[in-house]
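You asked for a quick read-through before you open this one yourself. Here are my notes, point by point, with the model on screen as we go.

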Amino acid sequence: RREALAAERHLPAQTRDGHTITLRANIATTIDARAATTTNADGVGLLRTELPFLDATEWPSEAQHRSVLRPVLRALAGHPVTVRTLDYADDKLPPFLSGGRTGRLGRGLPLMLAEPDAFARQFRAVLATAGDCDVRIMIPMVATPGELDACRHILNRVAHDLGVAPPPLGAMIELPEAVAAADDIASRADFLSIGSNDLTGQILGLDRRDPALTPQLAAHPAVLRAIADTIAAAHRQHERVSVCGDAAAHPLVVPLLAGLGCDVLSTAPAHLDQVRATIRRLDHTTCANIAHHALTLTTAEQVWDVVREHCSPRL
Ligand code: PEP
Ligand code: MG
């Protein structure tokens, strides 16, 4: 079965009625980067950069960022790569930031904006190692449009100093505040990416580490409404929007994301073949109908039943 899926890697992620979705990879290492190209991903939708620095004793230097980024970006020459800036949060805090300074769960961005030089060092390393990659920069945990402005200000200054054009800058939408401000954030961003892992936990009041927080819970109507609002806000600005949380690989959620108009799904390379196969089985008109019906329901279970009934009895 695995080989049969791999044999279809060259086929587009297109529904039976001709709606195409871009598939990208979530990666952190050079090995992941190679897996992304092997599985024929359209580049990388999420490069997690904090993982090599979870044991850091201070904010990483530009040289440290470069040494992590260089081999990864080299393996992705010619491809789009979405580099996410350091996303330190309560569930991934290095020793120098632990000690209760993050406040509410998942508030990494204010920490970093309080250290604009830490941001500038990472931006400089990305621009210096981009090589032949089509690099974009993505900011996690954005809560307000002002935070994205502050990031763009630092990025523009770094790009100006290096004499290069600033790359596209995107915002992750993974906090309820960001959903509420999605139009303003979209108007300042070049693209949006929905972090369904954090967004689902935030909306349903579940801790990131709670085993009850599963990818398929993104099908909860309250989460779907947040995703639908975010997609509509991005599309009003003629921007593309991706989903890069684990829900983007779940067969019970993929039809809903497709139906809500999500342009890009970004998943672990190990799931890409399966997601492509799922999309190729779907009918986009049916997905749009069930997604809009799902928005009117009350529980995740009701939504799963609708997806099972209309998309695949085997799910
Ligand atoms: C998310 O929150 O959905 C996401 C993609 O980011 P992370 O899992 O790294 O928080
Ligand atoms: Mg997140």
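1. Which unit do S1, helix H2 and S2 make? Together, S1, H2 (residues 30-38) and S2 form a right-handed β-α-β unit. Before going further, keep in mind that this is a predicted model.

2. Let's stay with that pair of strands for a moment. S1 covers residues 22-27 and pairs with S2 in the parallel sense, over 3 bridges.

3. On to the next neighbour of S2. Strand S3 (residues 80-84) also pairs with S2, in the parallel sense and over 3 bridges. Here Leu47 turns up again, standing opposite Val83 in S3. As for burial, S2 is mostly covered, with 4 of its 5 residues buried.

4. Gly43 sits in the loop between H2 and S2. Is Gly43 buried or exposed? Gly43 counts as buried, because it has 24 C-beta neighbours inside 10 Å, and the cut-off for buried is 20 or more. Not counting residues up to four places away in sequence, Gly43 touches Arg24, Leu76, His79, Pro80 and Val81. Take Leu76: it is 33 residues from Gly43 in sequence, yet the C-alpha atoms are 7.2 Å apart in space.

5. Go back to S1 and look at its pairing with S8. S1 and S8 run parallel and are joined by 4 bridges. Ala25 stands opposite Thr267 in S8. S8 also pairs with strand S7 (residues 241-243), in the parallel sense over 2 bridges, and there Val243 stands opposite Leu265. The chain gets from S7 to S8 through H11, in a right-handed β-α-β crossover.

6. S8 deserves a look from both sides. In a regular strand the side chains alternate between the two faces of the sheet. In S8, Val264 and Ser266 are on one side, Leu265 and Thr267 are on the other, and all of them are buried.

7. What about the ligand? The residues surrounding ligand 1 are Leu46, Arg48, Asp87, Glu174, Gly195, Ser196, Asn197, Asp198, Cys244 and Gly245. Strand S2 (44-48) and helix H9 (196-204) each supply at least two residues of this shell. H9 gives the largest share, 3 residues. Sorted by class, the shell has 2 nonpolar, 4 polar and 4 charged residues.

8. Ser187 lies in helix H8 (residues 182-188) and is partly exposed, because 13 other C-beta atoms lie within 10 Å. Ser187 and Ala233 are 46 residues apart in sequence and 8.6 Å apart in space, C-alpha to C-alpha. Cys311 is in the segment after helix H14 (300-310), and it counts as buried because it has 23 C-beta neighbours inside 10 Å. Leaving aside neighbours within four places in sequence, Cys311 is in contact with Pro255 and Leu282. Arg84 is 227 residues from Cys311 along the chain, and their C-alpha atoms are separated by 33 Å.

9. Finally, zoom out. The chain has 14 helices and 8 strands, and its C-alpha trace spans about 55 × 40 × 35 Å along the principal axes. How does the radius of gyration of the chain agree with that of a compact globule? With 315 residues a compact globule would have a value near 20 Å, and the chain has 19 Å, so the two agree. Buried residues make up 48% of the 315 residues. Among contacts between residues at least 6 apart in sequence, 71% join residues at least 24 apart.

Definitions and conventions: Residues are numbered from 1 along each chain as its sequence is written. Chains are lettered from A and ligands numbered from 1 in the order in which they are written. This is a predicted model: local features need pLDDT of at least 70, side-chain atom pairs count only at pLDDT 80 or more; totals for chains, interfaces and linings use all residues. A residue is near a molecule or strand if its C-beta atom, placed from the backbone, lies within 6 Å of it. Ala, Val, Leu, Ile, Met, Phe, Trp, Tyr, Cys and Pro count as nonpolar, Asp, Glu, Lys and Arg as charged, and the others, Gly among them, as polar. A residue is buried if 20 or more other C-beta atoms lie within 10 Å of its own, exposed if 12 or fewer, and partly exposed in between; C-beta atoms are placed from the backbone. Two strands pair if DSSP finds at least two bridges between them. A crossover is right-handed if, with the strands pointing away from the viewer, the path from the first strand over the helix to the second runs clockwise. The radius of gyration is taken over C-alpha atoms; the globule rule is 2.2 Å times the number of residues to the power 0.38. Two residues are in contact if their C-beta atoms, placed from the backbone, lie within 7 Å.
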